[in-house]
Amino acid sequence: MTPRRRTTPSSGGVRPTDAQIGFLPAAPFSPLVDVMETHDEYVVVVDVAGADDRAFDIAVEGKTLTITGSRQEHSQGKRRYHLGEIRIGPFQRAVSLPGPVVADETRARYERGFLRITLRKAAGPPDRVLRL
């Protein structure tokens with residue numbers, strides 16, 4: 001299981017020591033998402049900088065899009081954190097789409113830290129489940 005950084009508050013404005021910085025099991029985090037619409041498609045952009053481009057699971061079920069994956073630790077070797085805000089470990093995000101989509105025509109591309117998912121709008125109600 002990938003650790004999640006946790007710092008113990010220090011007293012008197014003194015910087016925490018290595019002994020005060022601990023690790024906890026990582027809980028899945030939710031990456032930031034933009035949902036846009038064109039005439040024919042819904043476009044979902046997910047901010048997952050640092051994730052492996054083959055580490056995503058994308059599922060469409062009805063009008064819900066679910067993205068899961070993992071972002072690995074970005075630094076190597078011995079280190080002492082002074083500030084740790086970048087989330088690592090597993091992530092999951094479910095997005096309610098504005099309307100039904102054609103699940104078979106879902107496309108995904110990972111570029112410059114963003115996962116861009118394009119879903120073609122369907123004329124009728126959603127009736128399928130697709131896992132990419």
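Arg112 sits in the loop between β8 and β9. Strands here are DSSP runs of E with at least two residues, helices are runs of H or I with at least four, and both are numbered from the N terminus. The phi angle of Arg112 is near 55 degrees, a positive value in a residue other than glycine. Most residues other than glycine have a negative phi. Arg112 counts as exposed, at 77% relative accessibility. Buried means under 20% relative accessible area, exposed over 50%, and partly exposed in between, with a 1.4 Å probe and protein chains only.

The model is predicted: local features need pLDDT of at least 70, side-chain atom pairs count only at pLDDT 80 or more, and totals for chains, interfaces and linings use all residues. Residues are numbered from 1 along each chain as its sequence is written, and side-chain values use heavy atoms, with hydrogens and water left out.

The mean pLDDT of the protein chain is 79. This score is the predictor's confidence in each residue, from 0 to 100. A value of 70 or more is reached by 72% of the residues. Over residues 1-8 the pLDDT stays under 50, and the model has 36 contacts beyond four places in sequence for this stretch. A contact means heavy atoms within 4.5 Å. Residues 16-25 also have pLDDT below 50, with 25 contacts in the model beyond near neighbours in sequence. Where pLDDT is low, the predicted coordinates should not be read in detail.

The protein chain has zero helices and 10 strands. Its order along the sequence is β-β-β-β-β-β-β-β-β-β. Of its 132 residues, 33% count as buried. Among contacts between residues at least 6 apart in sequence, 59% join residues at least 24 apart. The exposed surface comes to about 8500 Å², and carbon and sulfur atoms supply 50% of it. Accessible areas come from the Shrake-Rupley method with a 1.4 Å probe; for residues, only the protein chains shown count as cover.

The largest nonpolar core has 20 residues. Such a core is a set of buried Ala, Val, Leu, Ile, Met, Phe, Trp, Tyr and Cys residues joined through side-chain atoms within 4.5 Å. At least two residues of this core come from each of β4 (41-47), β5 (57-61), β6 (64-71), β7 (89-96), β8 (101-111) and β9 (114-121). Val44, Val46, Leu65, Leu115, Ile117 and Leu119 have the most contacts inside the core. Leu115 touches, among others, Val44, Val46, Phe56, Ile58, Ile67 and Tyr110, with residues up to four places away in sequence not counted. In soluble globular proteins, nonpolar side chains tend to be buried together.

Aromatic rings were examined next. Rings of Phe, Tyr and Trp (its six-membered ring) pair if their centres lie within 6.5 Å; planes under 30 degrees apart count as stacked, over 60 as edge-to-face and the rest as tilted. By this rule there are three aromatic pairs. Phe29 and Phe91 have ring centres 5.7 Å apart and planes at 55 degrees, so the pair is tilted. This pair links distant parts of the chain, 62 residues apart: Phe29 is in the loop between β2 (21-25) and β3 (33-37), and Phe91 is in strand β7. Phe29 is buried at 6% relative accessible area, and Phe91 is buried at 2%. Phe56 and Tyr110 form a tilted pair, 5.2 Å centre to centre with 55 degrees between the planes. Phe56 lies in the loop between β4 and β5, Tyr110 in strand β8, 54 residues apart. Phe56 is buried, at 16%, whereas Tyr110 is partly exposed, at 23%. Phe29, Phe56, Phe91 and Tyr110 form one aromatic cluster.

The whole structure holds five salt bridges. A salt bridge is a side-chain nitrogen of Lys or Arg within 4 Å of a carboxyl oxygen of Asp or Glu. One of them joins Arg107 and Glu41, at 3.2 Å from N to O. Arg107 in strand β8 and Glu41 in strand β4 are 66 residues apart. Arg107 is partly exposed, at 47% relative accessibility. Glu105 forms a salt bridge with Arg120, the closest N and O atoms being 2.4 Å apart. Glu105 lies in strand β8 and Arg120 in strand β9, so this pair ties together parts 15 residues apart in sequence. Glu105 is partly exposed at 36%, and Arg120 is partly exposed at 36%. Arg54 and Asp52 form a salt bridge with 3.8 Å between the closest N and O atoms. Arg54 is exposed, at 70%, whereas Asp52 is partly exposed, at 37%.
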